[in-house]
Amino acid sequence: MADKNTFDAIVIGAGMSGGWAAKEFCEKGLKTLVLERGRDVKHLKDYPTTNMKPWEFPHRGQVPFDIKNENPVVSRCYAFREDAMHFFVKDKEHPYTQEKPFDWIRGYQVGGKSIMWARQTQRWSKYDFEGPARDGYAVDWPIRYEDIAPWYSHVEKFAGISGNKDGLDTLPDGEFLPAWGLSCVEDHFKKTVEEKYPGRHVIYARCAHLTEPQEIHKQQGRAQCQARNLCQRGCPFGGYYNSNSTTIPWAERTGNMTLRPHSVVHSIIYDEKKGKATGVRVIDANTKEAIEYFAPVIFVNAAALNTILVLLNSTSNRFPNGLGNDNGLLGKYFAFHNYRARMTAEYEGMKEFKTEGGRPTSAYIPRFRNVYKQETDFLRGYAATFGSGRYARPNSNGFGEELKANLSKKPELGPWFISSQMMGETIPKETNFVSLDKDKKDEWGVPLLKINVDYDDNDEKMIKDFFEQMTEMCASAGFTNIKTSDSKQAPGLDIHEMGGVRMGKDPKTSLLNKWNQLHACPNVFVTDGACMTSTSTQNPSLTFMALTARAANYAIEQLKKSEL
Amino acid sequence: MKRRAAIRTIIITSAGVVLLPSCGSDDVQKAVELSKIKITGNQAKLLASLTQTIIPDTGAQEAKRGNPDEFILMMVNDCASPDDQQKFLTGLDEFEKMVKERYGKSFASLDDAQKKELLTNLEDKKGLPNAANEFYSHIKGATVQFYTGSENYMTTVMEYNIIPKRYKGCVPVAGT
């Protein structure tokens, strides 16, 4: 029995980062067990809505009232619509405890949230990794940009990233496929900002789309992105990166992967005599049967909050407070991105032009606040999305034959509409933490997660600054009807959960070392969002993927040297 | 009034909502059975007649699109909150009451000139109770949503293409 359940490596989670661990291990010949708590989602086969036209959705995209009413948290997510709601976890099916409001958006399936992600892939810069040390918050990152740069390249080449080489030290260039480019109004804004605000930039946002597939992408069976912008449904062309189209089938083809869906990981097994982790306890999601699997190396990629949950629930005499948790910091210094602030505007100029086709990305304003030195009354700063387009306005005047005639004319385009959203760095704090609910368990016998996370004064100041700066920059570009709004949304809806098992140099103040190994249990690696020491402003998935590939290759070397 | 015959029964199956013709399609007094709201024959008749007046049918070309009144009923049943469902039902009754007070008969029985007069006033928000204006504007919005969301509209007027293949950030607007 033990043999059948013994592997060279176990990966917990088949999503954005787990897919990369699976790929790296299987490619290098390791017999790898990939555990996924949800169902399997096969590329192409399991994208039921992918080719549906808007008029084919019974509710024209709207989510029925009963579903919204039963699932208020996930219903607040922008992508939880009739076309993709089957990829999101329903609140009702997987409850958690909110000590403070937290919108936990989850995707329990092979592919995880990589199916529905926004596909933004900006690299971190040296200023991001040096942040905590310079500004005295969290702890110093145990790595610098140079440590991760080759792994960014590794991931970018395989995943396929569209972008321009912008030559910015704040947002390093990568391995790019061609860019779709900016609209005329975005280009006008870029020129205005760069001229009037030295050091500020507006660029084409790098994104995980195959604008010009290379040999490696053809080997994956993926084809050119068709700019459909319906990515959240899964793509019939494999035009964007998700684990389902890319890393998971790649791992599968080696013959080294055993993928086990419907596998809820209860905890990691720690052997006190051996002084290391030996495997994992799994509860079959359907049969509730408990099964143990064994391997010399375990990667935890369950998506930040569930990764913390698994570790907190992995108790032993040696680790009564959770695996590797000697310092009591497991689950603490949890952070996210502040997505509350938005801005919209209009532009009456350039009415002789419009955009054509589709573009599954936008423009992007890299962080310009406090980059080189502290210059505001808040720490760190924000990046921002920046998009523009012109919308058709059907003429719905009148009724009867007159209305029909009005509607039958091609609608006129409105003025250029501009929108921007802040992506603010939040400061990890001990008071933002998650823990196990002592009273409640789920139907698989795993304690519920209790979330205690909130904004702080730094976040409020940043929102104010975003409003002021964006309003000023937009006004100077001649935009009108500039409106700012604070959604007051709860943390979590940014879907950028980070920290709780942070990396660091010192075992007294961090959980993971520079190779993402638990200081106190080095054959367990954490390489998803939970490992993040600080959050910076970039969409984090690219960094999770690069850290995973880096750590997996390190683990393979260590296994060869029998060091694990 | 072909539309009048179009009262349908909406039934819920395991596969979702489907529309089936009811057996007695001329029996307008028969209530439309929806899973969450109950519509009387008269309410259904009013909705069919009002949406028809807002955007008249032109025959076969659009027949396969279904009817705006069915679409509205399904959306109210499936997507509206209980409060909004109640508001919708009350809206139908009050609208009919207003019509009867003014014309002495139901909306569906009005002749074309009377309908035109009433809708002109509703469009101009002139001389009618505010509730009637709001109800009309809600029904008109939903009727236009149905029409502009149809395959016919999206493919012929809007040139919808699920595979745009390209993005061009700055192209001249035709005719300028």
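## Cavities

In this predicted model, 6 cavities of 30 Å³ or more are present. The second largest cavity holds about 90 Å³ of space.

Its lining is made up of 13 residues. A:Cys225, A:Arg228, A:Asn229, A:Cys231 and A:Cys235 are the lining residues nearest the centre of the second largest cavity. By class, the lining of this second largest cavity consists of 7 nonpolar residues, 5 polar residues and 1 charged residue.

## Nonpolar cores

The largest nonpolar core has 103 residues. Within this core, A:Ile268, A:Val280, A:Val501 and A:Val524 touch the most other members. In soluble globular proteins, nonpolar side chains tend to be buried together.

Leaving aside residues up to four places away in sequence, A:Ile268 touches A:Val280 and A:Val524, among others. Other residues touched by A:Ile268 include A:Ile12, A:Ala277, A:Ile298, A:Val300, A:Val310, A:Leu311 and A:Leu323. A:Gly279, A:Arg281 and A:Ser314 are also among the residues that A:Ile268 touches.

## Interface of chain A and chain B

Chain A contributes 52 residues to the contact between the chains, and chain B contributes 50. About 4000 Å² is buried between chain B and chain A, with 64% of this area on carbon and sulfur atoms. On the chain B side, B:Cys79, B:Ile162 and B:Tyr167 lose the most area to chain A. Together these residues account for 18% of what the chain B side buries.

The interface of chain B and chain A has 3 salt bridges. A salt bridge joins A:Lys410 to B:Glu159, with 3.6 Å between the closest N and O atoms.

Technical notes. Residues numbered from 1 in each chain as written. Chains lettered and ligands numbered in written order. Predicted model: local features only at pLDDT ≥ 70, side-chain atom pairs only at ≥ 80, totals over all residues. Heavy atoms only, no water. Core = buried A, V, L, I, M, F, W, Y, C linked by side-chain atoms within 4.5 Å. Buried < 20%, exposed > 50% of the residue type's maximum accessible area, 1.4 Å probe, protein only. Contact = heavy atoms within 4.5 Å. 1 Å grid on protein atoms, 1.4 Å probe; cavity = no way out; pocket = protein on both sides within 12 Å on 5 of 7 lines; lining within 4 Å. Points joined across faces, edges and corners; volume = space filled by probe spheres on them. Nonpolar A, V, L, I, M, F, W, Y, C, P; charged D, E, K, R; others polar. Buried area = accessible area lost by both parts, 1.4 Å probe. Salt bridge = Lys/Arg side-chain N within 4 Å of Asp/Glu carboxyl O.
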